[in-house]
Every structure is written in C-alpha cells, then in structure tokens.
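Subject: Structure handover

Hello,

Here is the structure I promised to pass on. My notes on it follow below.

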Amino acid sequence: MKQPKLAITTLAVLSALAASAHAQDSMPITVSGFGTGALTMTNSDQAEFNRVNQASGVGKDARPGVDSNLGIQATAKWSDTISFTAQGLVRKSGNNDQFGAELAWAFAKIKLNDDFSLRLGRVGLPVYMISDVRNVGYANTMLRPPNEVYRQVTVDNADGGDVVYQHSFGDTTVTAQAAIGRAKVRAPGNYYVDFKPVISTQLMVENGPFTYRLGRSQANFGIYDNPSLNGLVATLNKVGLTSVANEVKLTDVKGTFTSAGISMDYNNIIGQAEYAKRKTESRLVPDTSSWYIMAGYRYGKFVPFIVHGDVKQDSIRDFASMPTTGPLAPLTAGTNAAIKSGLQSTTGIGLRWDFYKSAAFKVQMDRIKTRDGDGYFLNAKPGFAGSTVNVYAAAIDFVF
C-alpha cells in the first residue's frame, strides 16, 4: 500500500475510534497520543544529518523533519482478558523526503493469567532498551536516541505476535518477552529489506531505581530491488570472483543483534547505557559493536545531561585479495566501499525542562566525529570524510 493511502487509512481508523470512545459503553475505548515538534540544524552544508531510514537530512538551514513526529494510540477493551490496540505514527521515514503515516502497532491482546499475556497482529519488537518508547520523546531524557546504537537494526515492528511474562518478586519485577513475525522495511533508495522471520527476545529486571536488560534478536533477511548491489554481485560472479560474491550475498542472510542495558533514576541522578553487537553472514551488513552512556541530574523541573556514543566495525573493511590495479581496480573500490559501515562518535549535551504537566522543552547539541568515511551522514560532498560536525536541535515533546 502506498504511503498516502496508508496515511488516510490509519488516521481514519484512529479518528473513528476516538469519535466513538464515549459512545461505546460495552467496549470502553481509550485514546492517547504523543508528539515532538522540533527544529534541527548543523554547522555544515557538506553533508546532511539524519535519523535511521530517512532519505534526506539537514544542514545549516533548520528543518523540522529530522526529529518531529506525531502518534495516536487507541485501545478498545473487549473484556477483562481481551483488548485491541492500534497506534498510528506520522514521521519522515522511507524512500522520500515527506511526512507519511504508518500503522506502527495493531494487535489483539489476550491476558492468559496474572503473569502471561499474548499479543497477535503487528507488534513492536524489543530490539532496544527503549524500543516501546523510542518515538515518544516525552518518555526519554534525551532529544533522540544515539544514532551509533539505534540505527544498527532498522526494523521497529513485525506482523506476527509475542508472549509477555511479568511477575513481581518482592521489590523486584521481572519481565520477559519473545516476539516472532515478518517485517518489510522500505529503505531510502527505494529498495527494501525483508525479514522472514525475525525473532526478538528480552529480559528486564526492575529493582528500585535500577532497570537491567538483556536482549537478543535474530533474523533471516534479504535485500531486494537494489540495482547497484544486484549489479555488484552479478559483476563479481561474472569476472570469476565468486568467493567475494559469496561474502556479499543479498538473500537468505542470517543475522543477530545482542544487547545489554541499564538505567537508573536515584536521588535525582539519572543514567542510561546500552552496549550492542551486530553480526551477519553478509559483508554488506557489517558486524559492528556500538554503545552509549548518558548521565543527568534533576534540578526541580530541569534536567541537564551529557551523552557519549561510539560505533566500530568488527568485520573487514576491504577485501585484501581483490586487485587494486588494472581493469578490475574500480570493481575493487566499489566492493570495498559497499562493505564499510559508518564509523563515528558523538558527544552531546542537553537540557530538559518540564514546563507543563504533559510537555517538556529540550535543547541538545551534539558534536559528531566521523572516522574513515562519512559516518552516518547523507549526501556527503567530496572531502567530507573524517569531518567533525555540530548538530543543534530544540524540541517540544508532549503527550495527551
């Protein structure tokens, strides 16, 4: 379904639910929402700063599209054990530079007993520590989750289901979740990645001011409708470099993503950190290690914070066996460029001000240092590799 049709369908369904929220005595409906209105800019026009799956970004001219979004969620309670939830999300994502709507969640939830519940439909995947609220700016201290970690896996949800277990043992609450399904992500450049299946699990332990998390996701996936990569693999096979072609395969690729995280909110001290490792069978999706750490302190309604994140590539960044001179040298250069992941580190400072009971104003400045390439910037001009860029953003996060 094309984005305009999806936008109309999603918003129409949620609006209908909202309109009938007070009219359905037999099925109570709860409607809530969230959003971020933001302006983002950098100090450079040599490349564009962006979030994951965005076709374009921002330079020196401030733009709202990078960090702004709007979400509406409706839950209808059929009985004490069965409910239905849908969440629509408007943001810039995919293969064009326009805001579009997507159906982020759409599931039926069945409460099996006091500890177990089952959800069937389109469910969010527990890939990251803040997966459920990664788009809800108001629920997070930072203006955005660090790119170094949060663009390693590009899929947010899957069509399938999950099982959630939650039980309290005294002062400790344990939550375990296992999800399975299929997902298709349309990426900038109009190609898509098909995950079938994707399995994502997590274990969270909450005790007092601390939350500890372990996560593991795995998938079989393929990259489709990408003419440049299709041509690259075909050419490698044609010239007899089949061993290299086998290492940059596009379909039936197995991959894993393992992560650990911790967060705390203790005596006005706020902290959050994650460490993650991505591994795949194709050099086109490189193995990476990524992490970030954030610390802040609450002064009444104000929370100043600092965050640092980094990512490195664990798999090879070039094929040493390929010729660097002669007629195949351009093929070597193209292949080596395709297997390099963006390398960068970010140090950011920011301030959150809870000026209203359901709204917060944030400012954040990030200093991003790229290494051996353009990092995660888009549309980089010649000579940008290895540059340092400042990113400035101001936003109002709200819930209703």
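Aspartate 194 is buried, because its relative accessibility is 4% and the cut-off for buried is under 20%. Please keep in mind throughout that this is a predicted model.

Salt bridges

Aspartate 194 has a partner. Its side chain meets that of arginine 182 in a salt bridge, at 2.7 Å from N to O. The pair links distant parts of the chain. Arginine 182 sits in strand 7 (residues 172–186) and aspartate 194 in strand 8 (residues 192–207), twelve residues apart. Arginine 182 is partly exposed, at 42% relative accessibility.

How many salt bridges does the whole structure hold? The search finds 20. Two others are described here.

Arginine 144 and aspartate 67 are joined through their side chains, with N and O 2.8 Å apart in the salt bridge. Arginine 144 lies in the loop between strand 5 (116–124) and helix 2 (147–150). Aspartate 67 lies in the loop between strand 1 (29–42) and strand 2 (69–77). The pair therefore ties together parts that are 77 residues apart in sequence. Are these side chains buried or exposed? Arginine 144 is buried, with a relative accessible area of 5%. Aspartate 67 is buried too, at 4% relative accessibility.

This pair also belongs to a network of salt bridges. Its members are Arg51, Asp67, Arg144 and Asp366.

The other pair is glutamate 102 and arginine 91. Their salt bridge has its closest N and O atoms 3.0 Å apart. Glutamate 102 is in strand 4 (residues 99–111) and arginine 91 in strand 3 (residues 82–92). Eleven residues separate them, and the pair links distant parts of the chain. Both residues are buried.

Helix packing

Two numbers matter here. Two packed helices are described by the angle between their axes and the distance between the axes.

Helix 3 (residues 227–238) and helix 5 (residues 329–338) have axes that come within 11 Å and cross at roughly 130°. That angle makes helix 3 oblique to helix 5. The crossing of the two helices is left-handed.

Which residues make the contact? Helix 3 contributes Leu229, Leu232, Thr235 and Leu236. Helix 5 contributes Leu331, Thr335 and Ala338. Of the residues in this contact between helix 3 and helix 5, five are nonpolar, two are polar and none is charged.

Backbone points

Lysine 196 to proline 197 is a cis peptide bond, with omega near -10°. Proline 197 lies in strand 8. Aspartate 194 belongs to strand 8 as well.

Asparagine 190 is not a glycine, yet its phi is positive, at about 70°. It is placed in the loop between strand 7 and strand 8. Those are the strands that carry arginine 182 and aspartate 194. Asparagine 190 is partly exposed, with 40% relative accessibility.

Asparagine 267 also has a positive phi, near 50°, and is a residue other than glycine. Its loop runs between strand 10 (253–266) and strand 11 (269–280). Why does asparagine 267 count as exposed? Its relative accessibility is 55%, and exposed means over 50%, so asparagine 267 falls in that class.

Best wishes

How values were computed. Residues are numbered from 1 along each chain as its sequence is written. This is a predicted model: local features need pLDDT of at least 70, side-chain atom pairs count only at pLDDT 80 or more; totals for chains, interfaces and linings use all residues. Side-chain values use heavy atoms; hydrogens and water are left out. A salt bridge is a side-chain nitrogen of Lys or Arg within 4 Å of a carboxyl oxygen of Asp or Glu. Helices (H or I, at least four residues) and strands (E, at least two) are DSSP runs, numbered from the N terminus. Buried means under 20% relative accessible area, exposed over 50%, partly exposed in between (1.4 Å probe, protein chains only). Axes are lines fitted to C-alpha atoms, for helices over the stretch in contact, and angles run from 0 to 180 degrees between N-to-C directions. Angles under 35 degrees count as roughly parallel, over 145 as roughly antiparallel, 65 to 115 as roughly perpendicular and the rest as oblique. A crossing is left-handed if the near helix is turned anticlockwise from the far one by less than a right angle, and right-handed if clockwise. Contact means heavy atoms within 4.5 Å. Ala, Val, Leu, Ile, Met, Phe, Trp, Tyr, Cys and Pro count as nonpolar, Asp, Glu, Lys and Arg as charged, and the others, Gly among them, as polar.
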